[in-house]
Amino acid sequence: MTTSRRALLAAAALCLPALAALAQQPPAGIAVEQPWMRAAVQGGTGGAFVTLRSTGAQADRLVSASSPAARAVELHNTVRDGDVMRMQPVPSIEIPAGGSVTLQPGGLHIMLVGLAQAARPGSTVPLTLNFERSGAVTVQLAVQAPGARGAAAPMHH
Ligand SMILES: [Cu+2]
């Protein structure tokens, strides 16, 4: 065996642990289910709701969201302050590996602030969700009536 070939093999052996570590990193993945939002007036603010389901073997985190239909999009939680329910910005929303998180009225939600147009029931509004590991996922929010409590699709239990 020549010296150069031996050096090459040594280098390849050094690379193996790094490759093995990469292979051991299980992939992340998020399915976004039942995206909907409440109707809102032009210039107004609308709450958006989705179920985030982990399809990978690693936890992930929703870190931000954006929409061409809104001036800003924020991640919020709803907290009880005495007799009053208040909304509070949260930096991120964690999705456990193999688990799911449902954003819903009265809990975690996404807030579209400063709508360019009124969000009318029956229409859709695009929303892009940015995940720490899984990257960007764009969904169409189905606009429901202002007081809607859930997605319009009937749920069978
Ligand atoms: Cu809010």
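**Strand pairing, core and pocket in a predicted model**

M37 stands opposite A48 in β2. The structure is a predicted model, in which local features need pLDDT of at least 70, side-chain atom pairs count only at pLDDT 80 or more, and totals for chains, interfaces and linings use all residues. Residues are numbered from 1 along each chain as its sequence is written, and side-chain values use heavy atoms, with hydrogens and water left out.

The chain has 1 helix and 10 strands. Helices (H or I, at least four residues) and strands (E, at least two) are DSSP runs, numbered from the N terminus. Along the sequence the pattern reads α-β-β-β-β-β-β-β-β-β-β. The chain holds 157 residues, and 34% of them count as buried. Buried means under 20% relative accessible area, exposed over 50%, and partly exposed in between (1.4 Å probe, protein chains only). Contact means heavy atoms within 4.5 Å. Among contacts between residues at least 6 apart in sequence, 68% join residues at least 24 apart.

Strand pairing was examined next. Two strands pair if DSSP finds at least two bridges between them. β1 and β2 pair in the antiparallel sense over 6 bridges. These two strands form a hairpin with 6 residues between them. In its turn, G43 has a positive phi of about 80 degrees. β1 is also joined to β10, by 3 bridges, and this pair runs parallel. Here W36 stands opposite A142 in β10. In a regular strand the side chains alternate between the two faces of the sheet.

F131 stands opposite G135 in β10. β9 and β10 form a hairpin with 3 residues between them.

The largest nonpolar core has 29 residues. Such a core is a set of buried Ala, Val, Leu, Ile, Met, Phe, Trp, Tyr and Cys residues joined through side-chain atoms within 4.5 Å. M37, L52, I110, L112, L127 and L129 have the most contacts inside it. At least two core residues come from each of β1, β2, β3 (60–66), β4 (70–81), β6 (93–95), β8 (109–115), β9 (124–131) and β10 (135–144). β9 gives the most, with 4 residues. L52 touches residues including I30, V32, L62, I95, L103, L129 and F131, not counting residues up to four places away in sequence.

A59 is found in the loop between β2 and β3. A59 is partly exposed, with a relative accessible area of 30%. Leaving aside neighbours within four places in sequence, A59 is in contact with E94, I95, P96, A97 and R133. A59 and R133 are 74 residues apart along the chain, yet their C-alpha atoms are separated by 8.6 Å.

The largest pocket has a volume of about 150 Å³. A pocket is an open set of points on a 1 Å grid over the protein atoms alone, with protein on both sides within 12 Å along at least five of seven lines; lining residues have an atom within 4 Å of a point. Grid points are joined across faces, edges and corners, and the volume is the space filled by probe spheres (1.4 Å probe) set on the points. The lining has 14 residues, of which Q34, W36, T51, T102 and L103 lie nearest the centre. β1 (30–38) and β2 (45–54) are the elements that give two or more residues to this lining. By class, the lining has 7 nonpolar, 5 polar and 2 charged residues. Ala, Val, Leu, Ile, Met, Phe, Trp, Tyr, Cys and Pro count as nonpolar, Asp, Glu, Lys and Arg as charged, and the others, Gly among them, as polar.
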